[in-house]
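Let's take a walk through a protein together, starting from the chain as a whole and then stopping at a few places along the way. Keep the structure open beside you as you read.

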Amino acid sequence: MIVNYLYSSEKDMDKNTDEEQPSTACNQYPKEAVKKRQNSGRGSGSSDSSRTFRKSFRLDYRLEEDVTKSKRGKDGRFANPWPTWKSPTLPNVLKWSLMEKNNSNVPGSEELDKELPVLEPYFVQKPELAGKTGAGMRVTWLGHATVMVEMDELVLLTDPIFSQRASPSQLVGPKRFRRPPCTVAQLPKIDAVLISHTHYDHLDYNTVTSLNERFGSELRWFVPLGLLQWMQRCGCENVIELDWWEENCVPGHDAVTFVFTPSQHWCKRTVRDDNKVLWGSWSVLGPWNRFFFAGDTGYCLAFEQIGKRFGPFDLAAIPIGAYEPRWFMKYQHVDPEEAVRIHIDVQAKKSVAIHWGTFALANEYYLDPPVKLNEALERYGLKKDDFFLLNHGESRDLGTNDMFEN
């Protein structure tokens with residue numbers, strides 16, 4: 001997300017992030033976190049940190065040669081291995097921000113309420129229903145790339161942001177034009193959070209600390225390689241960082257495997273930390289359901305590899321917005337047609353559109369993403385219901401393929 005070029009700051013606890021070796025055992029905590037848990041006695045139970053859980057999903061290592069591993073440059077920083085990648089440069093950022101017309105044309109609140117209504121999520125009034133999906137699954141869109149997924153006796157959040165601005169400061173930077181449908185305090189119990197990369201619209205400091213204050217060490221954070229120390233400085237104890245194709249799970253729920261899978265993107269939060277942290281997508285593999293979270297990405301070969309290895313997925317969350325102008329955005333953000341190609345590549349039975357309708361981060365008209373998505377679906381011979389849209393705060397129960405009553 002290019003705002004990180006324009007609003008880079010070193011005030012957000014982001015100095016000198018160091019890479020740590022990833023944890024690979026389901027119940028493994030960072031050493032520092034284990035000490036804190038022993039001292040505090042908080043968390044999901046002291047027995048969890050000493051119990052060995054069986055793994056529910058074994059990778060087919062015969063496919064080892066068919067996947068692309070993460071790559072570092074000579075400077076030790078991560079680099080995209082895809083031929084479709086081109087790094088954003090400061091001259092191009094300036095050309096985009098100063099020369100390209102902004103066609104987003106976001107209207108006032110009255111029209112927005114008609115076009116993009118914000119609904120109160122079902123769990124605000126009926127929290128006892130959260131997580132009770134049986135062998136089915138439920139997805140709730142909370143704006144931008146934040147979805148709450150209920151599957152296989154777990155409740156997950158992706159790239160949560162509940163702040164008003166995607167920025168190191170709440171005084172400047174991109175401001176949401178649609179409010180969050182709920183607060184952190186109104187969320188049901190969350191078992192795990194998936195972080196795709198470090199850009200401010202996907203990794204929000206205030207949201208991270210609020211979730212940590214609310215759930216403490218009972219909440220497991222799955223993060224990319226290189227982000228562990230930043231999370232620990234935020235006070236988070238139950239953090240697992242992974243490289244591409246590495247797996248882990250939530251203690252006590254070892255039937256569900258979380259795999260960090262590739263994407264085509266980049267990381268930056270401060271002036272000097274370019275690509276010190278890896279980026280990626282997430283594949284969540286349960287006994288009843290499989291969920292794919294694309295995060296933020298340009299189109300690349302990764303998705304065919306993911307589909308071949310883990311597909312079909314019952315649900316994928318795929319970005320459709322922040323894609324214009326294409327000469328600049330195509331390397332890091334898919335457009336709606338490429339989103340449909342990802343849907344096909346990962347073999348998703350259903351997909352939900354994310355990364356649109358919340359922040360004006362690029363130059364397309366604010367209502368174009370869903371229009372272009374439906375046009376692309378028609379070209380590929382797919383139904384609107386195959387790759388669907390939700391209102392902010394709206395849920396869909398995939399067990400019956402019906403709209404969940406909000």
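Helices and strands here are DSSP runs, a helix having at least four residues and a strand at least two, and they are numbered from the N terminus. The model you are looking at is a predicted one. In that numbering, the chain has eleven helices and 17 strands. Of its 406 residues, 59% count as buried.

Let's begin our stops with helix 8, which covers residues 302–310 and contains isoleucine 306. Is isoleucine 306 buried or exposed? Its relative accessibility is 0%, so isoleucine 306 counts as buried. Its contacts beyond four places away in sequence include Trp245, Thr261, Phe292 and Val346. Valine 346 shows how the chain folds back on itself: it is 40 residues away from isoleucine 306 along the chain, but the two C-alpha atoms are separated by 5.9 Å.

Move on from helix 8 and you come to proline 312, in the loop between helix 8 and strand 13 (315–319). The peptide bond joining glycine 311 and proline 312 is cis, with an omega of about 0 degrees. Proline 325 sits in the loop between strand 13 and helix 9 (326–329).

Why point these bonds out? Most residues other than glycine have a negative phi, and most peptide bonds are trans. With that in mind, look at glutamate 153, which is not a glycine and yet has a positive phi of about 70 degrees. Glutamate 153 lies in the loop between strand 4 (147–151) and strand 5, and it counts as exposed because its relative accessibility is 55%. Aspartate 159 is not a glycine either, and its phi is positive at about 30 degrees. You will find aspartate 159 in the loop between strand 5 and strand 6. Its relative accessibility is 0%, so aspartate 159 counts as buried.

Next comes helix 6 (residues 205–215), whose buried residues are Thr207, Val208, Thr209, Leu211, Asn212 and Phe215. They pack against strand 5 (154–158), strand 6 (192–194), strand 7 (220–224) and helix 7 (228–233). After helix 6 comes glycine 216, with a positive phi near 60 degrees.

Helix 11 (residues 368–379) lets you check a length for yourself. At 1.5 Å a residue, its twelve residues should span 16 Å, and the end C-alpha atoms are 17 Å apart, which agrees. The buried residues of helix 11 are Pro369, Pro370, Leu373, Ala376 and Leu377. Seen down the helix axis, they fall within an arc of 120 degrees, so they line one face of the helix. On the other side, Glu378 and Arg379 are exposed. Among the elements that cover the buried residues are helix 10 (336–345), strand 14 (351–354) and strand 15 (387–388). Just after helix 11, glycine 381 has a positive phi of about 75 degrees.

A search of the whole structure finds three cavities of 30 Å³ or more. The largest cavity holds about 130 Å³. It is lined by 16 residues, and the closest to its centre are Ala322, Phe359, Ala360, Leu361 and Glu364. By class, that lining has ten nonpolar, five polar and one charged residues.

Notes. Residues are numbered from 1 along each chain as its sequence is written. This is a predicted model: local features need pLDDT of at least 70, side-chain atom pairs count only at pLDDT 80 or more; totals for chains, interfaces and linings use all residues. Side-chain values use heavy atoms; hydrogens and water are left out. On a 1 Å grid over the protein atoms alone, a cavity is a set of points where a 1.4 Å probe fits but cannot get out, and a pocket is an open set with protein on both sides within 12 Å along at least five of seven lines; lining residues have an atom within 4 Å of a point. Grid points are joined across faces, edges and corners, and a volume is the space filled by probe spheres set on the points. Ala, Val, Leu, Ile, Met, Phe, Trp, Tyr, Cys and Pro count as nonpolar, Asp, Glu, Lys and Arg as charged, and the others, Gly among them, as polar. Buried means under 20% relative accessible area, exposed over 50%, partly exposed in between (1.4 Å probe, protein chains only). Contact means heavy atoms within 4.5 Å. The expected span of a helix is 1.5 Å times one less than its number of residues. The arc is that of the directions from the helix axis to the C-beta atoms.
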